[in-house]
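Reader: I would like to learn how to read a few features of a structure. Please take them one at a time, with the general idea before the case.

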Amino acid sequence: MDTSAIGQGTQGPVDGGSGAGAARSERGLELLRRVLAGSGIDPSRASDGTGAPDLDSTPDADDAGEPDSLRHVIRLPPREGRVADWPDWVPDPLRESLVARGVERPWSHQAHGAQLVRDGHDVVVATGTASGKSLVYQLPVLAGLHDDPRATALYLAPTKALAADQLRALGEIAPEGVRPSSFDGDTPMDERDWVRKHSRWVFSNPDMVHRSLLPWHGRWSAFFRRLEFIVVDECHTYRGVFGSHVSLLLRRLLRVAARYGAHPVVVMASATVARPAEFASRLTGRDVVAVTEDGSPHAGRTVAFWEPPLLHEITGDNGAPVRRAAGSEAARMLADLVLEGARTLAFVRSRRAAELTALGAQRQVREIDPDLAERVASYRGGYLPEERRALESALARGELLGVATTNALELGVDISGLDSVVLAGFPGTRASFWQQAGRAGREREEALVVLVARDDPLDTYLVHHPYALVGTPVETCVLDPTNPYVLAPQLACAAAEMPLTTVDVAEIFGGAPAEEVLDALVEEGVLRRRPAGWFWPDTGVRPAATVDIRGSGLGQVAMVEAATGRMLGTVDGGSAPGTAHPGAVYLHRGESYVVDELDLEAGIALVHPEDPDWRTEAQSVSDVEVLDVASERRTGPVRVSFGDVSVSSQVVGYRRRTPDGTVLDTTALDLPVQTLRTRSVWYTIDDEALAGIGLDQARIPGALHAAEHAAIGLLPLFAICDRWDIGGLSTALHPDTGLPTVFVHDGHPGGAGLAERGHAVLGRWLAATRAAVRDCECRTGCPSCVQSPKCGNGNSPLDKAGAVAVLDLVLGALGEDDASSPDAG
């Protein structure tokens, strides 16, 4: 196969060069051969004669009894770094401290970005993982705090782990008198006053700023008055509804700072995303300069694309073929790599999967080397703070050799330089893929990255079309600060901090959309209108305490052991009916529990310990009502629309499945209906046109249903989102359209911009959807093309051939050609 270098993200091709860079280690290939041997595949059969695996001509299935799972391998060569001189404004003690830590000179992008910040520009640094983005803000901030002994700075991170890691690193180089300190939910109450009075660089997160700092800004007046810098780390994580909240939160923060006479420079660090300056400007409401030319070196990587084999002994819904689970493959690979002595992270998609993958790897390692089994663990959100800190410390010290983790470690402690990374499923975005892959790779040691496909249309598409991931520009981040469901609580919080003026509304909060929301808040009695602006009634209550900027708006549900009252962890209130319903299996730190009772109003789920040999899968039903059509166009027999809808959904039961996927039974549930007002894209097709392509009335429901499922599976290729952030509905006769209709809608109140993005790229999106369905090797439909893991109807009816016919018809009407480019441009 072609093993020429391909640069990640938007960096383009990379030349391995000569000298040390060309003499690259083959450690990545050695690790891949270990994974191949562990799978029963002869490693020597996957070679092009130069040592690089070659899967362009997959070995004959007869050679091994089944098709090999390794689909493609791409080797990314190392890149040499480009250094620059230290800026002359860097204080000597700071420079000497950095040199002592091994930073002889800054990389070119570090010096360039730091100079822009020093000159007073708002900056976003969008370079690769482990490229040293931290130094871009550390240099000007520490120099500024050195030059002005009264100046202050604020650092914001999306996770406590990342903030804690950055604080530890800063403690080694910060000049005396800076007193960098943490201010988050884990900070003891008696320390918070000290931080507020004495720390000059406060490390926090958006939640703490939202709930503790801004509502009581008067107590922080001295800090705000001298605020010179705001650092927003990993800003690409602020997308969707969470990003919309943070966008308005930053506007509130800058408004309060201005109230005390401060106009801080904003410095942002991001993964490589498309149009970073545009995104950062939308996030902050300011003009931002982007630094994207990465001058850092990086290790070579072997990137392998792995498709688990079909399991011939079992079938899924309606007799569909089923592949071996990605988590099971990842557990086996994690065990193989740990036994090889390779420091490895296995990224999985859910908290439950993190527990199961770690348990599976431990079991397999224990059979060969019992001592090593103790060096395998799981890491995920929902752990209590003391558990999380202990795992992070063990990982940092190298006591843990293999860790199965959710994306909690994608942005967590500094763990770059590992030997290998296994991704059990595409993480949803190219940016996240490169963030996770970037955890592996030392300067002179080639690393291994393996993407293991889940039984999912998008994953299957990518392992068969690897250049849709490697060498393709990363996505842009989507957020909508004009979402009324986000604007309303944020404006109430802003008014409680200081009365909102008409100038504030026009220049900070978006103008007309914000005024409309404010009028509604006045009508509801939430705010009061006076000639000078909008006021929060002085009730003694701060609205920020009740506004959840991360979740569904339904808060958190505590998972509590009924017999002891011990809180095990939390789940989001919006997902609780599907994951914490009575009868659901809940895993925590390798221990299994079964839910006895779910009280959504109280936010509590009671559980008891149990180790069942089955798992649970929730089933739900939904309905969509069209509320408002914002955009509509008709081309021949097809009408495409975008607008506001109301979605009602209800978890009505769950199925118990054995580990091999066999359904044991189905149990009915009586949980409340949840109603969601959001945005959707939908298309209708005239009945005559469907009849003209051979679809009679009996086939239409299955054809539309299959097309809907596949479209939901492929939308994350064009918008930064997860399949579970999107919903859909299809029907042969919808009451609001009077025609056969397919809806795909946002899964968040008011929408997160996902359906709008789908509407904007509808032709390319549906073309890729058609390619994924048409090219799937199954005959009648399977989880890799048209079946959905969250279908409330048990994936019935589904008509794969009918879906291809429907998509052909829609694309023909739209005038789209056969191209199915995944370019998210």
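Reader: Is Cys235 buried or exposed in this model?

Author: The model is predicted. Cys235 is buried, since its relative accessible area is 0% and the limit for buried is under 20%.

Reader: How many disulfides does a search of the whole structure find?

Author: In general, a disulfide covalently links the sulfur atoms of two cysteines. Here the search of the whole structure gives zero disulfides.

Reader: Which residues have the most contacts inside the largest nonpolar core?

Author: In soluble globular proteins, nonpolar side chains tend to be buried together. The largest nonpolar core in this model has 105 residues, and those with the most contacts inside it are Phe433, Leu491, Tyr683, Ile685, Trp765, Leu766 and Val806. Helix H22 (residues 700-714) supplies the largest share of this core, nine residues. Another core lies apart from it, with 45 residues, among them Val232, Val246, Met268 and Val273.

Reader: What is Val806 in contact with, leaving aside its neighbours within four places in sequence?

Author: Its contacts include Tyr683, Ile685, Leu690 and Ile693. Leu695, Ala703 and Leu704 are also in contact with Val806.

Reader: Which residues of helix H1 are buried?

Author: An α-helix has 3.6 residues a turn, so residues three or four places apart point the same way. In H1 the buried residues are Arg27, Gly28, Leu29, Leu31, Leu32, Val35 and Leu36. They pack against strands S1 (70-76), S9 (301-306), S15 (420-424) and S16 (447-452), and against helix H11 (326-339). H1 (residues 27-39) has 13 residues and reaches 19 Å from its first C-alpha to its last, close to the expected 18 Å. Just after H1, Gly40 has a positive phi of about 90 degrees.

Reader: In what order do the seven strands of the open sheet stand?

Author: Strands of a sheet pair through backbone hydrogen bonds, either parallel or antiparallel. In this sheet the order is S4-S5-S3-S6-S7-S2-S8, with parallel pairing. Strand S4 (181-182) and strand S8 (289-291) are at the edges with a single partner strand each, so one side of each has no neighbour in the sheet. S4 is joined to strand S5 (residues 201-204) by two bridges, and Ser182 stands opposite Phe203 in S5.

Definitions and conventions
Residues numbered from 1 in each chain as written. Predicted model: local features only at pLDDT ≥ 70, side-chain atom pairs only at ≥ 80, totals over all residues. Heavy atoms only, no water. Core = buried A, V, L, I, M, F, W, Y, C linked by side-chain atoms within 4.5 Å. Buried < 20%, exposed > 50% of the residue type's maximum accessible area, 1.4 Å probe, protein only. Helix = DSSP H or I, 4+ residues; strand = E, 2+ residues; numbered from the N terminus. Contact = heavy atoms within 4.5 Å. Expected span 1.5 Å × (residues − 1). Pairing = 2+ DSSP bridges. Disulfide = S-S within 2.5 Å.
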